[in-house]
Structures are given as C-alpha cells and as structure tokens.
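Me: I would like the labels used for this model set against their cut-offs. Please take them in turn.

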Amino acid sequence: MADQAFDLIVLGGGPGGYVAAIRAAQLGMKTAVVERENLGGICLNWGCIPTKALLRTSEINHLLHHLPDFGFAAVEPKFDIEKVVKRSRGVAKQLSSGVAHLLRKNKVTVFDGAGKLAGKQTVSVTKDGKDVATLKAPHIILATGARARQLPGIEADGKLIWSYREAMVPTMFPKSLLVIGSGAIGIEFASFYLNMGAQVTVVEVLPRVLPVEDEEISAFAHKAFEKQGMKIFTNAAVKGVKKGADNVTVTVESGGKSQEITVDRVISAVGIVGNVENIGLEGTGVKVDRTHVVIDEYCRTGEPGVYAIGDLAGPPWLAHKASHEGVICVEKIAGLNDVHPMDVLNIPGCTYCRPQVASVGLTEARAKEEGHEVKVGRFPFIGNGKAIAMGEPDGMVKTVFDAKTGELLGAHMIGAEVTEMIQGYTIARTLESTEAELMHTVFPHPTISETMHEAVLDAYKRAIHF
C-alpha cells in the first residue's frame, strides 16, 4: 500500500476535479486525483458529451425526414439504435482517454479507487474493499459530483423505468415513453426520443417546462415541442406506476383529474443529489445542506484545508461552473492576487433540445423582483436571413437591460445554434458592457448572431429588420 505526500489531493476526476488538478500542476503543486470510476466524471462519460452525440443523431434524423424541403428525394431513412449508442459511447471513450493524457502530461498522479477523508490532511484510497494508498496533503478538494434523484415508488429499475444512464444506452428503441421532469436533462431526452420517432409525454410538477428559463422562452419552447408532437402536462404529478411485462402504466394527476397513460418506458429526470456519503465528512467541520456541501466564495468548507466544487457544492449543476470553481479554488490556494469569486449570474445555461435554449443573467421577472426598472428587447428568427436560409426560422432572442444604467441584466435565447451564441452575451456581462458597446459592435452578415444585435437595438426602439 502506497503512502505518499502531495500539495493537493482532488477527490473526483470529473470536469471540476481534473481541471482543478491540471491548474494546480501548472502552478507548481504536486497533485493527485482519486477517481473510482471514469476520468471525466458523469459529464464526459454519462452526461454532457454522450447526450450531445445522441442529440446530434436525432437532429440528423429530423433533417433526413425533411429532405424534400431542401430539394432532395430519398427513400425512407432508417436507423440502427445499436450503432447510434455505439457512436455515443465511442465519443465518450475518446474524450475520457484524452483526460487521462492531459493528467499524465501535467504530471498529475491518478489513483484508481474510492477516496475518503481519513483524518487531518489525510485521504485513504480503497478499491474493491482493499486498501490502495494513504495520501497526505495540506489541501484537499472534494469533487465527488452528484447522482440522479430517485422518486419514492418510481425508482429506476434499469428495465422499465430508466435513469439518464439507461436512457443513454437503450438496447431497444421504445415506441412510446413518458419523461418525469422538464428540466434540461428531461427535455433533452424527450427531444432526442421524439426526433427519433417515439411518442413522448412529459410530466412537469411546476407550471411550465424549462422552469428556470425566462417565462417567454418557456412558453415558446412549450409551443414548439407540442407542434413537434410532444404531449406535455404541467402543474402535474405522477401518482403511481404499474409495471407490465414490457410496458408501464403511469397515473398522472393534472388539473384535479387523473388519467392513466401506458408507455413502453419511463425516464425519471427529477434532479440530482450530491455524493456526500462515504467520503469521510463525519467528525469534520464540513457542513451539508440538502445533500450539498456548504462553501464560501472561494470554495472553502468549514473544515480548514478542505474545499468543495462542482455539483457536490450545489447549483447551478453545470460542468463549466465546476471547472471554473476548480480554477478559482486552486488559484486562491496558490495565493494568486487576482482571484475573483465567481458570479453565478455570469454562468450561461444551455439546453440542447430542438429548438436549443440558452440564457445568462437575470430573467425579466427576476430583474423586476430585484427592483430594476428594465428595458426589454426581442427579435424573432423569422426576421433573420441566415435562419431562413438554414430552414430554422423558429426562434427568438430576448435581452433585459437596466433602464437607468444600461447594464445588460440578462439574455435569453431559443432557436438553432443559440448554445453556441450565448457566449457573446456572457462575455458582455463579464466585461460589464452596456447597451452602448453592444450597439456599436459590428455583427457579421449573414449570421444568426445578428438576432443578438437586433434584440439589443429593440430594447432601445432601434431594431432595423423587424
């Protein structure tokens, strides 16, 4: 059993953990990562990356069924679900190997096993019940991530009721399914299966789909999904499930009425819980609130020398948030002078359904709740030449400005490629831009990004093309 000393130990090799480790190595720290499963974590292996590979496939399937719109004639396209899944898993494997290479390149030592706090400045590593190593370091970052929340009585069984893992690697393609939850994960899976040809029903307990988004964007998305054939129940709850031999009958209560819906499979996508168990938090000063570790603005916990980042440390549950937290945490440990706490309002959120959804900053309602007098701009994709040429005229961009200062409070987008474009507004918020800088920025033509410019102009009654 190895006994080694390091400057920094990171528990978890996901997008928060491995980025923190690499940044620490760049700053001259002797660094170790402890990972019990796959480098890259859930995001790279079972989340962000493989789901985007699946969604790309469903996008292609959608386009193939609309070939006549572009002047093509072809036989009815078919897909092989085994090959679809194989491609998705191959993409994940390639990137996981890439993370291993990056850690080797930066001379980060990787321990294969489960790590837990085992006393002051100490981490024990075990694998299959056997001791692997005892590690020492003055700084320990907890980056153990999170897992899917289970609803009592509707727990994922891997066959009829799926979590995100089973939904990502189906051995058969369901003709019908019901998705519980309309957050990013639920809607992305709903969109994938719908665009691959399944009948999809979504049940959301809150009043609208994509509930964290601006209300107008949620309403636009709801209409777009229903137009595509998705059945949506909001203000609704699943009251029970009855499993058959190869199907599930779900009791849905909505508007005071109950109905039974029989589908091939159910996907449960009702949030996540932090992996706080079995990592040695007992007897430490680390505080846990609703399964998430409590941290300060520099990711420090209540236990000296112990830090937490990523999904373990609470919302927003996004890979890029975890990575940035890892950098902030490590740079603060290293004593750099220009380390700034992260402003969560400058973290963009993206949902890769069809149409895509992206946002950063405050919604209009939240801005008003916080006392801002606002100027709001909107611009539809139907007024954009590139969107029409691409056959993607359904979408809109919404901007929210402070009427007194011109500060860009928030930006909200729905439509083709908006997950790529949101970074423009994110940079603007980071630079503390006002409407003046955005108005004077020259946007290339013809691009969908011109809708971003027009939405700014519209907030000040200066839109040109609508």
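This is a predicted model: local features need pLDDT of at least 70, side-chain atom pairs count only at pLDDT 80 or more; totals for chains, interfaces and linings use all residues.

Reply: Residues are numbered from 1 along each chain as its sequence is written, and side-chain values use heavy atoms, with hydrogens and water left out.

Me: Why is H1 called roughly parallel to H4?

Reply: Helix H1 (residues 17-26) and helix H4 (residues 81-105) pack at an angle of about 20°, their axes being 10 Å apart. Axes are lines fitted to C-alpha atoms, for helices over the stretch in contact, and angles run from 0 to 180 degrees between N-to-C directions. Angles under 35 degrees count as roughly parallel, over 145 as roughly antiparallel, 65 to 115 as roughly perpendicular and the rest as oblique. H1 is therefore roughly parallel to H4.

Me: Which residues of H1 and H4 meet, and what are their classes?

Reply: Tyr-18, Ala-21 and Ile-22 in H1 meet Val-99, Leu-102 and Leu-103 in H4, where contact means heavy atoms within 4.5 Å. The contact has 6 nonpolar, no polar and no charged residues. Ala, Val, Leu, Ile, Met, Phe, Trp, Tyr, Cys and Pro count as nonpolar, Asp, Glu, Lys and Arg as charged, and the others, Gly among them, as polar.

Me: What makes H11 and H13 oblique to each other?

Reply: H11 and helix H13 (residues 450-459) pack at an angle of about 45°. H11 and H13 are therefore oblique. Met-421, Gly-424 and Tyr-425 in H11 meet Thr-451, Met-452, His-453, Ala-455 and Val-456 in H13. That contact divides into 5 nonpolar, 3 polar and no charged residues.

Me: What makes a set of points a cavity rather than a pocket?

Reply: On a 1 Å grid over the protein atoms alone, a cavity is a set of points where a 1.4 Å probe fits but cannot get out; a pocket is an open set with protein on both sides within 12 Å along at least five of seven lines, and lining residues have an atom within 4 Å of a point. The structure holds 1 cavity of 30 Å³ or more. The largest cavity has a volume of about 70 Å³, a volume being the space filled by probe spheres set on the points, which are joined across faces, edges and corners. Its lining includes Arg-149, Tyr-164 and Gly-271.

Me: How many residues does H3 give to the lining of the second largest pocket?

Reply: H3 gives the most, with 8 residues. The second largest pocket has a volume of about 1,100 Å³.

Definitions and conventions
Helices (H or I, at least four residues) and strands (E, at least two) are DSSP runs, numbered from the N terminus.
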